[in-house]
There are 2 protein chains.
Amino acid sequence: MHIITVAREFGSGGRELGKRLADLLGFDYYDREIIAAIAEKHGLSEGYVDYVLENHAWTSLPITFHHSFHLPVLLAEPQTKLISTQREVIEKIAAGPHNAVIVGRQADVILEEYHPFRIFVCAAESSRVRRCMERAPEGENLTAHAVRKNMRVIDKNRAKSREFLSDLPWGSPASYDLTVNTTDCEIKALSEALAAFLRCRLDLK
Amino acid sequence: MHIITVAREFGSGGRELGKRLADLLGFDYYDREIIAAIAEKHGLSEGYVDYVLENHAWTSLPITFHHSFHLPVLLAEPQTKLISTQREVIEKIAAGPHNAVIVGRQADVILEEYHPFRIFVCAAESSRVRRCMERAPEGENLTAHAVRKNMRVIDKNRAKSREFLSDLPWGSPASYDLTVNTTDCEIKALSEALAAFLRCRLDLK
């Protein structure tokens with residue numbers, strides 16, 4: 001059973017890369033599905049769960065949280081409940097019978113004991129801004145400045161949320177097995193090469 | 001014509017990885033050969049050239065050096081001559097008729113216009129110390145403390161020498177196409193997977 005985790009800078013194409021890898025390798029793919037499972041368990045909307053986990057849950061936790069993950073007193077907090085359920089959902093995927101690619105959600109840290117293959121996807125900021133603007137829904141008319149600002153906030157939150165779980169910093173090459181720079185890359189071609197790497201590395205058929 | 005550059009943290013196994021990649025892909029391999037060519041041109045010993053380029057040449061240059069690389073006045077300095085010859089030797093390899101792997105020597109920056117595929121090899125410090133101690137010549141009896149100290153000095157010099165040539169920092173994932181973490185890895189197996197990646201990525205036969 002193999003788990004591949006994909007963490008990524010916002011706008012780097014990491015989600016597309018994760019999806020393509022899952023398709024090419026015949027792995028299950030998890031991204032929004034995790035949010036949906038958490039939302040269902042707590043009777044909340046997916047949008048709310050996503051918002052809380054991406055923006056607020058971590059920053060409101062006491063600094064000692066990662067040393068006391070299972071303290072019932074902390075688990076009573078509503079935000080902490082979401083984080084706890086996220087961990088349960090992700091561990092269930094890893095304990096399941098299928099190979100899987102999991103994008104985001106600090107799965108690389110949560111599943112440390114399962115020894116996932118950890119990929120980080122990055123790109124030059126200019127390339128990430130371009131990618132975001134190309135993919136924005138028609139009529140949204142985002143400025144590069146607004147995209148850049150939003151991007152920095154999201155990545156700061158991702159880095160912060162990792163801080164609570166691990167001593168290895170978000171985005172640092174030592175925290176992952178492979179770090180891929182997608183600047184000026186076509187994700188499709190890059191995914192095919194990475195699939196070739198992983199077939200060999202994980203000894204897949 | 002393809003060039004693969006391999007920059008690396010000291011003790012990460014980057015040199016072995018570069019050599020294995022060259023063998024697996026049928027590329028020429030350059031590492032000590034560059035030092036030998038510089039030494040021959042200037043009638044100096046390889047040891048001296050290596051020592052100067054690895055430790056002293058860059059730190060003694062004026063901070064404006066990278067803006068004025070071809071100023072004859074700077075080229076008159078003996079250390080600058082070595083750096084200049086290093087550039088000539090590396091550009092000659094890139095302009096030559098053969099695919100090549102070049103390990104170290106800031107080749108990724110020097111050959112920017114040739115668009116090399118840039119690999120950075122890193123590993124956890126504990127893993128690098130272990131690798132160095134295992135490979136030390138018999139009877140050398142290095143302590144982990146001494147190895148760690150030496151390792152930090154060398155990597156600091158590598159980072160510094162890059163600073164003079166590029167705004168993209170040494171070891172930062174944005175400076176390379178692929179960053180590989182060799183912590184607890186067998187370099188042989190990792191090289192085979194990377195060769196599969198590169199065959200696909202560079203469209204090699």
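Let me start with strand β2 of chain B. Three bridges join β2(B) to strand β3 (residues 100-103) of chain B, and the two run parallel. Strands here are DSSP runs of E of at least two residues, helices are runs of H or I of at least four, and both are numbered from the N terminus. Two strands count as paired if DSSP finds at least two bridges between them. Within this pair, Y29(B) stands opposite V101(B) of β3(B).

A word on the basis. This is a predicted model, in which local features need pLDDT of at least 70 and side-chain atom pairs count only at pLDDT 80 or more, while totals for chains, interfaces and linings use all residues. Residues are numbered from 1 along each chain as its sequence is written, chains are lettered from A and ligands numbered from 1 in the order in which they are written, and side-chain values use heavy atoms, with hydrogens and water left out.

Now the sheet as a whole. It is an open sheet of 10 strands with mixed pairing, in the order β2(A)-β3(A)-β1(A)-β4(A)-β5(A)-β5(B)-β4(B)-β1(B)-β3(B)-β2(B). β2 (28-30) of chain A and β2 (28-30) of chain B stand at the edges with a single partner strand each, so one side of each has no neighbour in the sheet. From one strand to the next the twist averages 20°, with axes fitted as lines to C-alpha atoms and angles taken from 0 to 180 degrees between N-to-C directions.

How are the two chains related? Chain B can be laid on chain A by a turn of 180° and a shift of 0.0 Å along the axis, with an RMSD of 0.0 Å. That is the relation of a two-fold axis. The same surface serves both copies, as 100% of the contact residues of chain B recur in chain A. The superposition is by least squares on C-alpha atoms of residues with pLDDT of at least 70 in both copies, and contact means heavy atoms within 4.5 Å.

Next, strand β4 of chain A. Six of the six residues of β4(A), residues 117-122, are buried, so the strand is largely enclosed by the rest of the structure. Buried means under 20% relative accessible area, exposed over 50%, and partly exposed in between, with a 1.4 Å probe and protein chains only. F117(A), I119(A) and V121(A) cover one side, and R118(A), F120(A) and C122(A) the other. β4(A) pairs in the parallel sense with strand β1 (residues 3-8) of chain A over five bridges, where T5(A) has R118(A) as its bridge partner. Four bridges join β4(A) to β5 (residues 178-181) of chain A, again parallel, and there V121(A) stands opposite V180(A).

Last, two backbone points in chain B. Most residues other than glycine have a negative phi. Q106(B), however, has a phi near 55°, and H115(B) one near 50°. Buried or exposed, where does Q106(B) fall? At 11% relative accessibility, Q106(B) counts as buried, in the loop between β3 and α6 (107-110). H115(B) is exposed, at 69%, in the loop between α6 and β4 (117-122).
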